Amino acid sequence: MAEAGAGFLEQLKSCVVWSWTYLWTVWFFLVLFLVYILRVPLKINDNLSTVSMFLNTLTPKFYVALTGTSSLISGLILIFEWWYFRKYGTSFIEQVSVSHLRPLLGGVDNNSSNNSNSSNGDSDSNRQSVSECKVWRNPLNLFRGAEYNRYTWVTGREPLTYYDMNLSAQDHQTFFTCDSDHLRPADAIMQKAWRERNPQARISAAHEALEINECATAYILLAEEEATTIAEAEKLFKQALKAGDGCYRRSQQLQHHGSQYEAQHRRDTNVLVYIKRRLAMCARRLGRTREAVKMMRDLMKEFPLLSMFNIHENLLEALLELQAYADVQAVLAKYDDISLPKSATICYTAALLKARAVSDKFSPEAASRRGLSTAEMNAVEAIHRAVEFNPHVPKYLLEMKSLILPPEHILKRGDSEAIAYAFFHLAHWKRVEGALNLLHCTWEGTFRMIPYPLEKGHLFYPYPICTETADRELLPSFHEVSVYPKKELPFFILFTAGLCSFTAMLALLTHQFPELMGVFAKAFLSTLFAPLNFVMEKVESILPSSLWHQLTRI
């Protein structure tokens, strides 16, 4: 019985929703017709006459106050709507309408069985959107003490946000600690140091740990945060390598003795890989690029399964510096695979290699006359592919937007990834003759190939809608975050802006020209109601007077 009653209520609700959807115009005219019929019993004419007499007695000051107040209210709504749109990217009135009013009117029925299939069909795309909005460790992140802090000393600006540094602290706790650290005094101190928010407290804890014994993670912290030059950081990382290599070899022999030893070996592996990778980056910063390439290759051979550090992106950048394009192509052949996650470094490096083959002789005028050759078409398609993956990069490569220091974490396909890529790879694009010219001539053509609105992508999944919010948390406040696609102003912002301007203009005109505005208002109202009066006169002339008399008596 309960199920039957619920089914009946659902059917009744659907009928009411259908009637409101398709028959609202009939209901509207029916209400108007009843009001007109009952105008005598309801004394509508007398009430209208009374209202008209009251309005005629009002002075122009009242109308000035009325229009001024409405202009003030609409202006306040406009300011609030603009602030809400700038902060959250949507209109507050529109959001309330969609979230609360539309379900009440039956526009959305989450419990409907008819929508279950579509909900299941959208789950994959939603899951993909969540995965694409994951924040990743920047494989080319700078050194805090030697680079980020020097920027702060010179400019007085903080290049890293609290959210970014908090993510780094979580990474350090994940990679550099394990459950058995409390058994070793130095590691126990470092376990607390990684959780410390104050940089000076972290550095003091690292020195305290080194007084107990040679602790690799303590050297890492000092190299990252206390060293003021890359040379000092490299020296500390070499000491960390000596200590970390010994711990790794000891834990490697004991890893099969239990889960505790296995966790410790995993931690020691992460520490060793991190140290060797940062040493390679120090060599790259200090100009020893060939040495850096060798260290990265050896590291990738020794630990082929540790792809979470994305060492191949460091290797690609170093090989491009050496102009070893054949080696770059070999690395891309391994990592630019359909089954592997993409990045701006992979896509734009592939585009750079294909552009390099044709860019020195490319001319847009000649290409428009004779058409694109096969090699030029491949280069253009590679650029379109890269731009679709991350549309923010070209503006930085073409120097249409100013660069800042890259954050320690990036959002793939977001503005943060574009900054991290362009910061290191702009020089490589400039070195290839004509590459930036080819990019300038072709990158905007990508957007003609992508469906709009971005319900589906062309070569990749649809562009995620969460990038702007995540990038604003990763990038400093003084940087203007690049937004794609450009959001149009909501209707209610435009409406309130127009309403505020119109009522303010009316208030000003009414104050300056009260008599003229009164004449204009009367003429406007008479013109507005002229069609309605004409229709009513025609209805009265067509219908017999006896019928009107009987209806009014009812």
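Reader: How many cavities of 30 Å³ or more does the structure hold?

Author: This is a predicted model. Rolling a probe the size of a water molecule over the atoms shows where empty space is left. For cavities of 30 Å³ or more, the count is 4.

Reader: How much space lies in the largest cavity?

Author: A cavity is a set of points where a 1.4 Å probe fits but cannot get out. In the largest cavity, the space comes to about 120 Å³.

Reader: Which residues are the closest to the centre of the largest cavity?

Author: The lining of the largest cavity has 15 residues. They divide into 7 nonpolar, 4 polar and 4 charged. The closest to the centre are Pro139, Glu313, Thr345, Ile410 and Glu417.

Reader: Which element gives the most to the lining of the largest cavity?

Author: Three elements each supply at least two residues: β1 (135–137), α17 (344–356) and α21 (415–431). With 3 residues, the top contributor is α21.

Reader: What share of the residues of the protein chain count as buried?

Author: The chain has 26 helices and 2 strands. It exposes about 32700 Å², and carbon and sulfur atoms supply 60% of that area. Buried means under 20% relative accessible area. Of the 554 residues, the buried share is 40%.

Reader: What share of the contacts with a separation of 6 or more comes from residues 24 or more positions apart?

Author: Contact means heavy atoms within 4.5 Å. Take the contacts in the protein chain with a separation of 6 or more. Residues 24 or more positions apart account for 70%.

Reader: How do the rings of Phe176 and Trp194 pair, and what is the angle between the planes?

Author: The structure holds 6 aromatic pairs. Phe176 and Trp194 form one of them, 5.3 Å centre to centre. Phe176 lies in helix α8 (residues 162–176), and Trp194 in the loop between α9 (185–193) and α10 (199–212). The pair is tilted, with the planes at 45°.

Reader: Is Trp194 buried or exposed?

Author: The cut-off for buried is under 20% relative accessible area. Trp194 has 3% relative accessibility, so Trp194 counts as buried.

Reader: Which residues do ring pairs link into a cluster?

Author: Phe176 also pairs with Tyr274, edge-to-face, at 5.1 Å centre to centre and 75° between the planes. This pair links helix α8 to helix α13 (residues 259–285), with Phe176 and Tyr274 98 residues apart. Both Phe176 and Tyr274 are buried. The ring pairs join up a cluster of Phe176, Trp194 and Tyr274.

Notes:
Residues numbered from 1 in each chain as written. Predicted model: local features only at pLDDT ≥ 70, side-chain atom pairs only at ≥ 80, totals over all residues. Heavy atoms only, no water. 1 Å grid on protein atoms, 1.4 Å probe; cavity = no way out; pocket = protein on both sides within 12 Å on 5 of 7 lines; lining within 4 Å. Points joined across faces, edges and corners; volume = space filled by probe spheres on them. Helix = DSSP H or I, 4+ residues; strand = E, 2+ residues; numbered from the N terminus. Nonpolar A, V, L, I, M, F, W, Y, C, P; charged D, E, K, R; others polar. Buried < 20%, exposed > 50% of the residue type's maximum accessible area, 1.4 Å probe, protein only. Areas by Shrake-Rupley, 256 points an atom, 1.4 Å probe, with all protein chains shown as cover. Phe/Tyr/Trp six-rings, centres within 6.5 Å; stacked < 30°, edge-to-face > 60°.
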